Amino acid sequence: MQELKGKSVFGGIAIGRISVYNKDESTVKRVKIEDTAAEVKRFEEAKETAKEQLQALYEKALVEVGEVNAMIFDVHQMMLDDLDYVEAITHMIENQGINAEYAVATTGDNFSNMFAAMDDDYMKARAADVKDISNRVVKILQGKKDSVLDGDEPVILLADDLAPSETVQLDKSKVLAFVTRHGSTNSHTAILARTMNIPALIGVKFEENVDGKFAIVDGYNGSVYVEPTDDVVKEYESKKQEAEEKKRLLQELKGKENITLDGKKIKLYANIGGVADVASALQNDAEGIGLFRSEFLYLESNTFPTEEEQFQAYKTVAENMAGKKVIIRTLDIGADKQVDYFNLDKEDNPAMGYRAIRICLTQPEIFKTQLRAIFRASYYGNIGVMYPMIISVAEVQKIHAIVDEVKAELDAQGLPYGDVEQGIMIETPAAVMMRAELAKEVDFFSIGTNDLTQYTLAIDRQNPKLDDFYDSHHPAILRMIQMVIDNGHKEGCWVGICGELGADTTLTETFLKMGIDELSVSPSMIFPVRDKIRSTDTTK
């Protein structure tokens, strides 16, 4: 047995086989082919296999995210049969005598560039689609798995590191645990692991030859046991059963009010990264969505998501939440959440650079597209919107002016929208200091404790060397939270916490006594926080 150590991101126990995730950065080579008829046939067979995969994905998505969001896989199947696309590939194989992989990859690039150059937004969006289906066919021709998680058996996923975009696209049902060599406990990828409610470790120096080996991940003590002894397996199977029993007991809180012993009612919402996470929020009895990280719509795409694509996503979440509050955070790209097609310049300090609301205010065409989608979706549910990285009243006033333009456009087009609550993220010291003035401009504050801690303590939360200095319980942070609550209430704003600190049950009683109105946490933490709320007396 080999024991590997790392830092815990999220607790829990996982028992299963290891799958090492290696990024596929191989290029498609041009190869001369003699038997072009056989090569065309090979392409046709790969195309049919791709359609079968897409049909399976359609059926899976239908159950998980609804028909509207599943339709993309139906569209991809139709694109594979597009006569122009198929003829371009077969013509290249037959006339140039080249391998199918190269013909498909080249045609995919050509068609993608052609769509991207069109003026029509819908056709531009097809550029990413044709690239996606071409990549799928190429992988089949190369004999590669569609992903590291293609097998039926869920796995312990080991990786050098995982970007947020990679994490969010993984099939969550096939991941028992995350284990990475690099990364920070405060990164967005770590936050996603907590949202997914699976054990996760970082800083584990694993060897390359562990792929396929049986292992145990202990997310509580930060250990991975490779090829454990029978005694260790028996011990951890027992621990896993105990943890599941504790979880079952917490489930008995389903349907109970989030109310303290002295009668104070608290809103307990869920943080989500996409439409698929709504199921987990509902399963864990969330009263609403306190943070919909809309940037993952951008991270999951190869080009700017259209207004219609965003509208359908927001509308689906609002409808599924059936009248419960859904608060959408506007685009928060930048820092560790990089998207190639934004063409952002490399920055020495991206965490304090061109990101979030700064992108939106300097590129209003991107911002207005998102706002139009949000306001249109508000007609179908109880939607609020909040703006990240605010540092001044002037920024909020600029936002309001853009919102007024969006409303006027929708009115002129006869497109209905609801009454949208507007709030801001309090995640900079500047916002804390300007809390009284900012409270006059908005309906609510949501405190983003992750970045507030980073900026207040002057600590880069992506730097693992600083994890020991990153103290989210620092008295300065707690004083700031109290100040924001007091001034927010004075001006009629309700105040919540959507950062990771909201799920810290060692601070729940403190927050309740401070007067917090709402806590938004990972779905898996709703019952533990509810249990703490219901056992707290704020008068003592």
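**Reading a sheet and a buried threonine**

Q: Where do I start, and in what order do the strands of the open sheet lie?

A: Welcome! In this predicted model, eight strands form an open sheet with mixed pairing, and their order is 1-8-7-3-4-5-6-2. At the edges are strand 1 (2-5) and strand 2 (7-10), each of which pairs on one side only. From one strand to the next, the twist averages 30°.

Q: How should I read the pairing of strand 3 and strand 7?
A: First the general idea: strands of a sheet pair through backbone hydrogen bonds, in either a parallel or an antiparallel way. Here, strand 3 (residues 13-21) and strand 7 (residues 214-218) are antiparallel, with five bridges joining them. To find your place in this pair, look for Gly16, which stands opposite Ala215 in strand 7.

Q: Which strands does helix 8 touch?
A: Helix 8 (residues 230-251) packs on the sheet and touches strand 3, strand 7 and strand 8 (223-226). Compare directions too: that of helix 8 makes about 115° with that of strand 3.

Q: Now to a single residue. Is Thr536 buried or exposed?
A: The idea is to compare the relative accessible area with a cut-off: under 20% counts as buried. Thr536 has a value of 2%, so Thr536 is buried. You will find Thr536 in the segment after helix 20 (526-534).

Q: What does the side chain of Thr536 reach?
A: That side chain reaches the backbone oxygen of Lys532, at 2.7 Å. Setting aside neighbours within four places in sequence, Thr536 is also in contact with Thr260, Leu261, Asp262, Glu509 and Leu512.

Notes:
Residues are numbered from 1 along each chain as its sequence is written. This is a predicted model: local features need pLDDT of at least 70, side-chain atom pairs count only at pLDDT 80 or more; totals for chains, interfaces and linings use all residues. Side-chain values use heavy atoms; hydrogens and water are left out. Helices (H or I, at least four residues) and strands (E, at least two) are DSSP runs, numbered from the N terminus. Buried means under 20% relative accessible area, exposed over 50%, partly exposed in between (1.4 Å probe, protein chains only). A polar contact is a pair of N or O atoms within 3.5 Å; within protein, one must be able to donate a hydrogen and the other to accept it, and residues adjacent in sequence count only if both atoms are side-chain atoms. Contact means heavy atoms within 4.5 Å. Two strands pair if DSSP finds at least two bridges between them. Axes are lines fitted to C-alpha atoms, for helices over the stretch in contact, and angles run from 0 to 180 degrees between N-to-C directions.
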